[in-house]
There are 2 protein chains.
Amino acid sequence: MVRRALEAAGCRFTVQRAAVFHYLEQVQTHPTAEDVYRAVRRKLPRISLATVYKALEALVDAHLATKLTNGDGSARYDCRGDDHYHLRDVESGEIRDLPVEFDPDLLKKLDPKLIERLSGSGFEVTGYRLEVLGRFSNS
Amino acid sequence: MVRRALEAAGCRFTVQRAAVFHYLEQVQTHPTAEDVYRAVRRKLPRISLATVYKALEALVDAHLATKLTNGDGSARYDCRGDDHYHLRDVESGEIRDLPVEFDPDLLKKLDPKLIERLSGSGFEVTGYRLEVLGRFSNS
DNA sequence: ATTCTTGCAAAAGATTTGCAAACAA
DNA sequence: TTGTTTGCAAATCTTTTGCAAGAAT
């Protein structure tokens, strides 16, 4: 599955990429590249941080992960394939999934003609992103 | 107005901060710090990039601007004081305002009990952010 | 007069790159 | 074999910091 997706994106399957993917798959929060590096190092002690960055990029290319932008110039990664919303701690930057069903028609609810209006004014809509902001009291 | 807001935040009013604010105020897109630096330099040729960063930070502290996270690890700035949504070009990173009224109750529409549920599970909601993703065909 | 801000250069943090050796197909 | 990927170190990019001189109150 990981192998196939990587190949479909023209990338080779390697133990490093598999280890990064499997770590992302089982972790609760959305880790930074540095977090992934520290964790994967326990399995592959000789992996380098640069390889982790390249593995994350390959996984994103293969649509096996998504890169989430972080306020402070670092990024976090998510390996869920379906559309969903996020919860973001405005202080720590921690991100978790929001346990609410994704609504593909939310933009239409904001304004039924929004997509057509934007398209008419030169913006082709491909999707949307919603984050609930706040603070995790524990953590 | 800029002066008062800066003072309320415990910051002094300076020509550099005023120039940064006035540039942000009249520009259509949401510029990066580098963009602001290049623009403001035309009025204040001796301003430094570090001062632009510090001015942007002061404006954010004074609630005269907002910092928007960017995919590539840089930030963009917005000086609109009211809540509103953004349009983001997924390729260039360009951001513009979305001409749709902000809905303070959108989260409730997603799930009427969402805020209480999150609060019960240890997440204090302070707001939300919505971005429409796509591409500007011109630009 | 006192405290904050500026401009400069250096530092820091995150990410990317160049390259030779190792690996996957 | 052939083209990719790895690991390392160095480079790059954005942002932050230290500090002496200058500006604001």
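Student: Buried means under 20% relative accessible area, exposed over 50%, partly exposed in between, with a 1.4 Å probe and protein chains only. Which is A:Tyr85, buried or exposed?

Tutor: A:Tyr85 counts as buried because its relative accessibility is 0%. Mind that this is a predicted model, where local features need pLDDT of at least 70 and side-chain atom pairs pLDDT 80 or more, while totals for chains, interfaces and linings use all residues. Residues are numbered from 1 along each chain, chains are lettered from A and ligands numbered from 1 as written, and side-chain values use heavy atoms, without hydrogens or water.

Student: OK, which ring does A:Tyr85 pair with?

Tutor: A:Phe102, in a tilted pair at 5.0 Å centre to centre and 35° between the planes (pairs have centres within 6.5 Å; under 30 degrees is stacked, over 60 edge-to-face, the rest tilted).

Student: What cluster do ring pairs make around A:Tyr85?

Tutor: A:Tyr85, A:Phe102 and A:Tyr128 are linked into one. Over all chains, the structure has 8 aromatic pairs.

Student: Switching topic: what lies over the face of A:Phe136?

Tutor: A:Arg96, 4.4 Å from the ring centre (the cut-offs: NZ of Lys or CZ of Arg within 6 Å of the centre and within 35 degrees of the ring normal). In chain B, B:Arg96 lies over B:Phe136, also at 4.4 Å.

Definitions and conventions. Phe/Tyr/Trp six-rings, centres within 6.5 Å; stacked < 30°, edge-to-face > 60°.
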